[in-house]
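These are my notes from one sitting with the model.

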Amino acid sequence: MRTFIRTVLFTLVSIVLIVSLSCSGSQNSNKQSSQGETPKLARWVAQYRSPASLTQQVNLGFFYYSSISVVSPSVVFVAGDVPGPKGDEDRINVVLRTTDGGRTWTEKTVEQPGMVIPRLNSICFVSPEVGWAVGVDLADNGLLLKTTDAGETWLVSRIGVNQIPMTIFFADSDTGWMGGATSAPGDDEGSAGGPSIILGTT
């Protein structure tokens with residue numbers, strides 16, 4: 001019986017020791033490799049700069065790329081807003097697209113007759129052709145935009161609730177969600193519309 005108890009205790013101690021050593025070894029592996037080398041950090045490379053930032057005398061901090069939708073390693077869409085032709089206070093929306101993994105980009109502005117769209121807050125594509133974006137008009141009315149031709153043309157509609165759409169995501173061509181926000185009471189940037197909401201569609 002004593003031999004059995006000693007065997008069990010020896011086995012338990014061995015397991016605890018092995019687990020303890022493997023845990024401490026894996027925690028230190030993030031700091032240095034077994035050869036004493038520090039692992040390399042991720043490296044980010046600039047891929048695009050708006051042509052307007054090269055020709056206009058404007059602060060580069062006023063170029064906003066607020067949302068990215070990655071369809072595949074080669075097809076990526078980006079939405080945001082940049083200074084308009086009248087200066088920093090004047091804003092225009094922008095949609096960027098690459099089909100070669102970021103080596104080249106096209107930049108377009110979504111234009112709608114009778115409507116000015118100063119900014120796009122979020123973008124989501126479910127395929128290289130079909131996607132949605134959300135933004136606002138000059139009066140901060142929420143807008144939903146849809147394209148079926150990779151952003152060449154867009155159908156624009158107002159969302160119909162007192163919310164500024166901040167983010168959009170579609171799981172497929174029918175099922176999607178939109179996150180809204182409202183201004184705080186007394187805020188000059190819009191009227192308070194109650195609590196922020198999440199909208200969904202099927």
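Is Glu 152 buried, partly exposed or exposed? I found Glu 152 partly exposed, at 42% relative accessibility. The cut-offs I used are under 20% relative accessible area for buried, over 50% for exposed and partly exposed in between, with a 1.4 Å probe and protein chains only.

Before going on I noted the conditions. This is a predicted model, in which local features need pLDDT of at least 70, side-chain atom pairs count only at pLDDT 80 or more, and totals for chains, interfaces and linings use all residues. Residues are numbered from 1 along each chain as its sequence is written, and side-chain values use heavy atoms, with hydrogens and water left out.

**Salt bridges**

I searched the whole structure and got 5 salt bridges; the criterion is a side-chain nitrogen of Lys or Arg within 4 Å of a carboxyl oxygen of Asp or Glu. Glu 152 pairs with Lys 108, with 3.6 Å between the closest N and O atoms. Glu 152 sits in the loop between strand S7 (142–147) and strand S8 (155–158) and Lys 108 in strand S4 (residues 106–108), so the pair ties together parts 44 residues apart in sequence. Strands here are DSSP runs of E, at least two residues, numbered from the N terminus. Lys 108 is also partly exposed, at 33%.

I then took Arg 91 and Asp 81, whose closest N and O atoms are 2.7 Å apart. Arg 91 is in strand S3 and Asp 81 in strand S2, 10 residues apart. Arg 91 counts as buried at 14%, and Asp 81 counts as buried at 7%.

Arg 158 and Asp 137 meet at 2.9 Å, N to O.

**Aromatic pairs**

I counted 5 aromatic pairs. Rings of Phe, Tyr and Trp (its six-membered ring) pair if their centres lie within 6.5 Å; planes under 30 degrees apart are stacked, over 60 edge-to-face and the rest tilted. Phe 77 and Phe 125 are stacked, 3.5 Å centre to centre with 0° between the planes. Phe 77 belongs to S2 (residues 76–84) and Phe 125 to S5 (residues 119–125), so this pair ties together parts 48 residues apart in sequence. Phe 77 is buried at 1%, and Phe 125 is buried at 6%.

Trp 132 and Phe 170 are stacked, with centres 3.6 Å apart and planes at 5°. Tyr 48, Tyr 65 and Trp 105 form one aromatic cluster.

**Second largest pocket**

Which residues line the second largest pocket? Among them are Tyr 48, Tyr 65 and Trp 105, along with Val 70 and Leu 96. A pocket is an open set of points on a 1 Å grid over the protein atoms alone, where a 1.4 Å probe fits, with protein on both sides within 12 Å along at least five of seven lines; lining residues have an atom within 4 Å of a point. The volume is about 250 Å³, taken as the space filled by probe spheres set on the points. S1 gives the largest share of the lining, 3 residues.

**Strand pairing**

I checked S9 (residues 164–170) against S10 (residues 176–181) and found them antiparallel, joined by 6 bridges; pairing requires at least two DSSP bridges. They form a hairpin with 5 residues between them. Ile 168 stands opposite Met 178 in S10.

Notes:
Helices (H or I, at least four residues) and strands (E, at least two) are DSSP runs, numbered from the N terminus.
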